[in-house]
Amino acid sequence: MKKNKYLLLISSLGVFALLVYAAVSENFFKEWHSIQAGAKTSEGQLDVRLRQIINPSLGTTDRCVTCHVGMAPGETVVSDLKVAAPHPPVVHSPTEMGCTTCHSGQGLATEKLDAHGDVEFWPEPMLPAKYAYASCGTCHVPLEVPNSARLELARKTFERLDCYACHRLDGRGGTLRPSPATGMEGPDLSHTGIKGFDANWYPAHLAKKEADTSGLWANSFGEVDDNERALLDQFLGLQMGAPSLIRAKAEYNSVGCTGCHVTGNFGGETGVDLSRVGEKDPARLDYSAIEGAHTYPNWIAQHFRLPLSTVQGSQMPDLALSDRQIDLLTMYVLSLRRRSVPDIWLPKDRVRAMRFGAREFASDGETIYKAICSSCHGASGSGMRYPGLPPYPSITNREFLELASDDFIAATIRGGRPGRPMLAWGDRQNGFTAEELASVVAYIRALGGGIAPIPDTRPPRWAAGDAKAGNRLYLANCAGCHGALAEGGEGPALNNPGLLTAATDTFLFETIARGRSGTVMKGFRTPSPTRRAMTDREIESVVTYLRSLGANGKRPGG
Amino acid sequence: MEKAESSALKEIWGNLLSSPRRIYETAFRSGAPKTDRTRSSFVFGNVFLHLHSVRTHIWSLKWSTTMGLGIISTAAFLITLVTGILLMFYYKPYPDVAYQSMKDIHFVVPTGRFIRNIHRWAANVMVIAVILHMARTFFTASYRKPREFNWLIGWGLLVTTLALSFTGYLLPWDQLAYWAITIGANIAQSPREITDALGITQYFDIGGLQRTILLGSDEVGAEALIRFYLLHVMILPLILVMLMAVHFWRIRKDGGIARPDDADEIVGNEAKTSYPVFTEQPEKTYHLAAIVKGRTPAVGSGPENTLPSMPHLFYAELGVLMLTTFICLALALISDAPLKEIANPLVPENPAKAPWYFLGLQEIVSFSAFTGGIGIPALVWIGLGLIPFLDREKTGTGRWLGGPGGWNLFIWSLLIGFGASVGIEAFAIYFGWLREWFPDVPQLAITVINPGTVLTAIYAAYSIYVVRKHGSTRAGAVALFTCFLCGFVVLTVVGTYFRGPNWEFYWTPSDWPGH
Amino acid sequence: MTTKPGKEASRFDPEPMPRRDFLGLAALGSAAAAVIFSLFGMLRLPKAAVLTSPSKKFSVTLPDTLEEGEAFIPEGRSVAVFKDAEGVFAISTICTHLGCVVASRPEGFECPCHGSRFAGDGTVTKGPAPKALPWLKVTADGNRLQIDENEEVPGGTKV
């Protein structure tokens with residue numbers, strides 16, 4: 001029975017060998033061991049151990065700092081080991097907020113692939129570094145962000161006026177003048193959007209300039225005109241330590257997304273509510289049409305590129321966005337989250353947006369137009385035509401701007417066109433104020449080349465033609481585009497109560513007579529190769545007929 | 001006076017010095033096991049060893065007799081016991097928190113992942129060993145008198161082992177776990193297939209009751225997790241340990257491992273060559289005194305064909321235990337236990353697979369939940385339990401396939417078992433089944449006629465033919481058992497390796513459509 | 001304990017049965033009754049008088065853009081809501097086979113676990129599902145719908 005002794009001998013030696021192997025690899029072969037062994041602090045060798053940042057309020061346990069040991073609380077790594085480098089300066093200290101709060105990934109893990117989420121069984125890899133600031137949206141809502149052109153103008157103004165000379169902004173500037181000894185004199189402006197800033201900064205600067213005798217102020221501070229000051233004030237109001245997120249949101253406010261989508265407290269209803277779209281469950285996304293990595297950022301980008309093939313049945317038009325725009329919009333979409341955090345953690349901007357209806361877009365006419373109107377009426381106001389959708393009318397042609405009074409345009413925006421894609425942008429929760437409406441109207445006029453309305457001396461309702469004749473004429477000339485029941489088709493709906501209430505007879509009459517330049521609507525007072533010109537009397541009859549649609553709401557001729 | 005005091009102190013001092021030796025002596029009263037006598041008392045004087053008889057028949061020590069499968073099962077259980085208790089230090093049985101604690105075990109508990117891997121592999125080894133142990137007992141016809149009841153205990157141990165493994169499956173609270181348990185819980189509910197067809201579900205909802213009691217709720221959540229945890233760490237291990245104790249004690253009471261009547265003649269020569277054990281000749285042979293009526297067990301069975309359990313049996317047992325440990329450790333170092341994404345009740349795993357030993361049933365379940373999940377398993381279980389009471393023949397006990405038919409019958413049964421199961425699987429995969437042919441077919445028809453029941457019928461028919469041909473129940477049992485074993489293997493392999501998303505057939509996972 | 005007189009009792013003889021042992025029977029019987037009664041109590045325990053799972057009733061508003069035949073899946077629910085000319089209806093997306101969540105496809109529903117397929121109205125077209133996906137009770141309150149995942153209604157009920 002020796003073989004049993006051999007069995008015991010060999011298997012015991014085997015077990016022992018395996019245990020030794022396991023012990024050695026457990027204690028000596030871990031990736032982070034070698035990283036920490038290679039990282040030196042100013043006091044010498046680093047203490048090799050697991051490190052972590054726990055934030056119970058956010059529910060995070062982040063062991064990332066085991067490898068990224070330079071970011072661990074209280075560690076100052078001096079060796080130039082890239083992985084162990086300290087975190088670049090950010091508003092919230094990573095040692096307090098943890099890592100996954102912004103970068104996502106698997107905080108509990110202590111091995112690179114697992115921690116970065118590049119393993120099969122982790123739902124989503126880390127957020128690419130370029131999108132990290134999207135995570136600010138977890139708690140914060142940037143408010144009153146202008147369109148990207150205006151943001152760029154403001155940034156350039158800040159730069160052109162050389163504010164960087166004395167002030168520091170997001171780690172830049174403040175190093176040259178006026179006091180080379182301290183490096184800078186002006187306060188750091190990185191967080192003025194959160195912490196606020198002196199509204200009287202300009203008079204205060206001027207006063208200092210006058211009081212200064214050394215000449216430093218005289219050399220470095222000059223006059224700033226009102227327009228520039230408005231831009232600078234707006235710019236300072238946006239500084240919350242996340243410049244790329246502000247840029248992304250400015251892009252969102254430039255391509256008309258809010259015209260169809262709600263984010264937070266305001267937006268159109270055609271598209272889906274995007275308020276929490278950034279926290280979509282990646283496991284529930286359909287990646288069948290996605291090229292490249294199956295990650296949520298990639299899905300969003302692809303969706304902007306080819307909306308219909310990414311989401312079956314999507315009505316989202318292909319906006320023909322550039323790669324740069326897609327990148328910015330992807331970042332903004334990723335920022336649309338609402339992590340449930342204790343109330344005490346909710347920042348002021350989120351509370352203002354949630355409780356007090358603060359605007360997420362700036363209230364100037366240009367931004368409102370770009371953020372809301374431009375996706376349908378076009379950046380130039382000349383209308384849009386998307387495949388599969390009815391055409392959207394031009395609102396900046398000469399005839400429209402001459403015939404439509406400011407009141408007409410404002411009333412149209414306020415009340416919309418019931419039942420049509422044009423929503424009542426004023427008569428709704430958080431709807432536009434009178435000032436906002438006026439500024440949009442002014443912007444639309446400016447967009448059309450500053451055309452003023454022609455004063456109309458006639459009463460609003462004067463047409464007294466023959467409705468029956470008007471109906472015949474309508475069927476012969478107008479129904480092809482506006483529909484047999486005037487319900488709209490290629491051309492806008494004319495039986496819409498919103499239109500018929502706001503439009504004067506003069507408006508309707510002159511529109512038929514003069515047409516709309518730059519559109520398929522031709523003036524009917526002038527003949528064309530296919531038909532003769534209409535007489536004024538005939539046009540009046542058509543107007544009378546159209547009025548009859550609004551008066552009783554009955555079907556024409558019925 | 002002074003002198004007496006100092007001598008008393010001296011005595012205490014002397015006692016103190018001698019106490020280690022005396023502790024040893026009082027613990028191991030028999031002294032070093034160098035003679036047959038001390039070897040015997042070493043065994044029966046030790047509470048942990050006295051389940052063994054003091055002498056072991058050489059037939060039982062042959063590797064080919066048992067292949068150590070019982071000891072492997074026990075060893076694997078001991079390993080899961082130790083590693084399981086270690087894991088309990090960190091595991092928190094609450095949804096989501098449970099998953100976090102798995103991550104902590106993986107990443108920050110020293111050797112945590114290694115321990116979990118061992119636990120998982122030992123559990124799998126245990127399931128395999130228990131099944132093979134049952135097959136060994138069956139094929140050597142060791143379940144016969146007087147071991148019928150021990151077969152029943154083993155039958156209970158198999159169920160308990162599978163239940164232990166299955167309840168452990170939910171605990172990580174990952175996608176794999178969540179959907180396997182959802183499926184398992186709904187299998188418990190599947191008697192509704194019958195009650196629905198009879199229209200009595202609203203009066204007699206046994207399926208719904210089973211599911212509710214299993215989950216403690218109408219969904220897989222915190223209640224289900226704590227129930228599975230309790231079953232896994234407390235109730236089932238207790239049941240298992242109690243059954244094991246009875247199982248081992250019964251082996252002893254039933255006269256050790258079953259051996260053929262001519263075992264002594266066969267091992268006669270071996271006994272001479274392997275004796276003596278160490279250096280000493282035995283002083284005398286002896287029998288255990290027994291206050292029983294009639295002959296003592298040793299009489300007439302030649303003590304020359306037995307060896308002292310200490311050390312011969314213990315070398316074998318310890319060797320197998322260490323071998324099992326080695327296998328589990330090696331597997332644990334080679335392959336990590338899976339931990340998928342955190343459980344997501346809205347997104348099913350695709351494909352959602354149960355633990356591998358249930359995938360054969362899942363194959364049948366993919367036709368009818370009741371037949372695959374309850375009907376056929378129950379039938380097999382009852383059949384297995386009845387084996388020793390149906391087969392009361394004498395020939396071939398203790399010898400591999402020693403009965404009528406022999407190895408020839410076994411090979412034929414293998415061929416038919418594999419052939420029929422592969423054939424029926426191929427047919428169902430290629431041509432579909434009733435619902436593909438007649439979309440309006442009632443579910444009851446599929447519950448009754450599906451690949452599982454057809455296969456069972458083929459096996460049963462073959463087995464009846466064998467019974468008639470050999471005129472032996474044993475032969476029929478061998479045929480049926482072998483066939484079912486083949487069916488189990490084939491269906492399990494198909495379920496494990498050839499089923500992809502939507503439970504479609506794929507030759508390799510690389511053919512799966514990307515998700 | 002009596003032995004027949006005149007015959008020496010051997011220790012291997014079976015003990016004679018007492019004709020009546022009221023005390024013993026009563027003691028054993030009541031012990032058995034107590035144990036069995038406690039077992040009933042324990043068997044009753046695993047099913048709570050009311051399940052602790054939260055209510056499965058919820059409210060949703062359908063988006064205006066929902067087209068006929070297109071499923072609307074409320075966030076976090078296993079229900080598909082449809083709208084057509086005759087009204088609104090909700091179909092459970094929990095497979096009747098083994099409880100996986102079925103995916104809504106233009107041609108109906110598809111279960112990932114064992115390949116069951118259902119038509120757009122929930123009836124089984126393929127696979128092991130024993131019965132059709134249940135229709136759920138919908139009550140409309142203006143634009144808002146209230147859906148109860150626990151209450152089934154006959155197929156074809158639209159509001």
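Into which domains is chain A divided? In this predicted model, the division of chain A gives domain 1 (2-30), domain 2 (34-126), domain 3 (148-239), domain 4 (245-356), domain 5 (365-447) and domain 6 (467-552). Between the C-alpha centres of domain 2 of chain A and domain 5 of chain A there are 50 Å.

Chain A touches chain B. To this contact chain A contributes 23 residues and chain B contributes 29 residues. On the side of chain A that touches chain B, 14 residues are nonpolar, five are polar and four are charged.

The C-alpha trace of chain B spans about 100 × 65 × 50 Å along its principal axes. In secondary structure, chain B has 21 helices and two strands. Chain B has 515 residues, of which 45% count as buried. Among the contacts in chain B with a separation of 6 or more, 76% are between residues 24 or more positions apart.

Two helix pairs in chain B can be looked at in detail. Two packed helices are described by the angle between their axes and the distance between the axes. For helix 9 (residues 175-188) of chain B and helix 11 (residues 206-215) of chain B, the angle is about 140 degrees and the axes are 7 Å apart. Angles over 145 degrees would count as roughly antiparallel, so helix 9 of chain B and helix 11 of chain B are oblique to each other. From helix 9 of chain B, the residues in this contact are Ala185(B), Asn186(B) and Ala188(B). They meet Gly207(B), Gln210(B), Arg211(B), Leu214(B) and Leu215(B) in helix 11 of chain B. By class, the contact of helix 9 of chain B with helix 11 of chain B has four nonpolar residues, three polar and one charged.

The second pair is helix 16 (residues 369-390) of chain B and helix 20 (residues 451-470) of chain B, whose axes cross at roughly 30 degrees and come within 10 Å. Helix 16 of chain B is therefore roughly parallel to helix 20 of chain B. Helix 16 of chain B makes the contact with Thr371(B), Gly372(B) and Ile376(B), and helix 20 of chain B with Gly452(B), Thr453(B) and Thr456(B). The residues of this contact of helix 16 of chain B with helix 20 of chain B are one nonpolar, five polar and no charged.

Chain C can be followed through its strand pairings. Strand 1 (residues 57-61) of chain C pairs with strand 9 (residues 144-153) of chain C in the antiparallel sense over five bridges. Within this pair, Val60(C) is opposite Leu145(C) in strand 9 of chain C. Strand 9 of chain C is also joined to strand 8 (residues 135-141) of chain C, by seven bridges and again antiparallel. Here Leu136(C) has Glu152(C) of strand 9 of chain C as its bridge partner. The hairpin of strand 8 and strand 9 of chain C has two residues between the strands, and Gly142(C) takes a positive phi near 65 degrees in that hairpin.

Strand 2 (residues 79-84) and strand 3 (residues 87-92) of chain C run antiparallel and are joined by six bridges. A hairpin connects strand 2 of chain C to strand 3 of chain C through two residues. Phe82(C) is placed opposite Phe89(C) in strand 3 of chain C.

An open sheet of four strands in chain C has the order 4-5-6-7, with antiparallel pairing. Strand 4 (103-105) and strand 7 (124-126) of chain C are its edge strands, each pairing on one side only. Strand 7 of chain C pairs with strand 6 (residues 117-118) of chain C over two bridges, and Arg117(C) stands opposite Lys126(C) in strand 7 of chain C.

Methods
Residues are numbered from 1 along each chain as its sequence is written. Chains are lettered from A and ligands numbered from 1 in the order in which they are written. This is a predicted model: local features need pLDDT of at least 70, side-chain atom pairs count only at pLDDT 80 or more; totals for chains, interfaces and linings use all residues. Axes are lines fitted to C-alpha atoms, for helices over the stretch in contact, and angles run from 0 to 180 degrees between N-to-C directions. Angles under 35 degrees count as roughly parallel, over 145 as roughly antiparallel, 65 to 115 as roughly perpendicular and the rest as oblique. Two residues are in contact if their C-beta atoms, placed from the backbone, lie within 7 Å. Ala, Val, Leu, Ile, Met, Phe, Trp, Tyr, Cys and Pro count as nonpolar, Asp, Glu, Lys and Arg as charged, and the others, Gly among them, as polar. Two strands pair if DSSP finds at least two bridges between them. A residue is buried if 20 or more other C-beta atoms lie within 10 Å of its own, exposed if 12 or fewer, and partly exposed in between; C-beta atoms are placed from the backbone. Domain bounds come from an automatic or database domain assignment.
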